[in-house]
Amino acid sequence: MHPLATPVFEADVLDEHVRELAGDLPIATFTLQSLNSLLGGVFPGRMTALGATPGAGKTTLMQMMAEDLATQGLPVIFVSAELPAPKLLAKSLARLSDGRLEVGDVAAAANPGSEKHGVFADALELYRERVAPNLCIMTEYNLASITRAIGSCADERGKTPVLFVDYLQLAATSGADPFVDERLAIAACVKGLRDLSNCCRAPIFAISTITRSDYGKKSPNLSIFGGTAAIEYSFDSALLLTEDPNPGPSRNARFGDRPMLLTALKNRYGSLGNTTLGFDCAHATFREWD
C-alpha cells in the first residue's frame, strides 16, 4: 500500500495563495472594447475557444487579436494549421492600408510597377515596425513544437507568449495516426494545451469548428464545438461568432460591414453576454458596431 501524502492545510499556504490571487490581473486589453466586455482582457493561464461556421471571419478576428497584442509589445505565437504565412500577411496588409487595399489586391500591389505599390509599401512598413518584431507565425503545429517555441520565447524575451491556434481540430489531427479516433486526438490536444497553459501560465486562444447540425441554430450551446466534449469542459471561455439578424443601426460600419454577433457561451470567471461587431471581409477587418 502506498503511504498517503501529507495534507497541507490552508493555514500553511494561505499567504502564497493570496499573492497568486493578487497577481491574477490582465496582462493586456484589446483595442476592440467589445472583446474586453466579454473576456475582461488577456489573463495568464486562461484558455478561450472561438467557434464559427466557415466564412464567418474567425481567422480574421483571431489574427486581429494576435496582432493587436503584438503591437502592444507582447510576444505572440500564432499557430496556423490552415493558411500559410504569406496569405495571413495579405490580410494584415489589407487591414493596415486603411481601406485602400482589398485582400485580393495585395499580391498585385506587391509588384513595384503597380499603381497601388505605394499603398502596399506603406502598409508593409507599418507591419514591419509594429507587428513583426513580436509576432511568430508557426506552420508546424504539433504540441511538442508549440511547447518548445513557448519555452524558447519565454527564455529569450523574459515573457511567456500569448498563443493562438488556428484551428484546433486540424492541429490535433494533422499527421496523427489515421487509425486513431478523431475525438480522442482532439481531446488529447486540448488536454495538452490545458497542461501547457497551467504550467507556463500562457494565455491561449484557439479556433474551433462547430458541428454542421448546429449551423444556424437559434439557441446554441456548448455542444456545438466539433469533435469532443473536452473543449466545453477544458476551456475557461467559449465564444461563438454568428451573423447578427437584429444588429440595429451602426455608427462605425464602413464598406458595407456585415453585422456579426459574438456570444459568450461560457465564461468561468465572468458573466455571459453578447456584442455585435462589423465584419469587413474585403479588408479583413472587424470594427465596433456601436
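The largest pocket has a volume of about 590 Å³. A pocket here is an open set of points on a 1 Å grid over the protein atoms alone, with protein on both sides within 12 Å along at least five of seven lines, where a 1.4 Å probe fits; lining residues have an atom within 4 Å of a point. Points are joined across faces, edges and corners, and the volume is the space filled by probe spheres set on them. The model is predicted: local features need pLDDT of at least 70, side-chain atom pairs count only at pLDDT 80 or more, and totals for chains, interfaces and linings use all residues. Residues are numbered from 1 along each chain as its sequence is written, and side-chain values use heavy atoms, without hydrogens and water.

Helix 3 (58–71) gives the most, five residues. Helix 4 (85–96), helix 6 (117–131) and strand 9 are among the elements that supply at least two each. Helices (H or I, at least four residues) and strands (E, at least two) are DSSP runs, numbered from the N terminus. Nine lining residues are nonpolar, seven polar and eight charged. Ala, Val, Leu, Ile, Met, Phe, Trp, Tyr, Cys and Pro count as nonpolar, Asp, Glu, Lys and Arg as charged, and the others, Gly among them, as polar.

Strand 9 (residues 285–288) leads on to strand 8. The two run antiparallel, joined by four bridges. Strands pair if DSSP finds at least two bridges between them. Leu277 has Glu288 as its bridge partner in strand 9. Four residues separate strand 8 from strand 9 in a hairpin, and Ala284 in the turn has a positive phi of about 50 degrees.

Now take the other neighbour of strand 8. Strand 7 (residues 258–267) is antiparallel to strand 8, with seven bridges. One pairs Pro259 with Gly278. Strand 8 (residues 273–280) is mostly covered, with six of its eight residues buried. Buried means under 20% relative accessible area, exposed over 50%, and partly exposed in between (1.4 Å probe, protein chains only).

Finally, turn to Val79. Val79 lies in strand 2 (residues 76–80). Its relative accessible area is 1%, so Val79 is buried. Beyond residues up to four places away in sequence, Val79 touches Met138, Tyr141, Ile146, Leu163, Phe164, Val165 and Asp166. Contact means heavy atoms within 4.5 Å.
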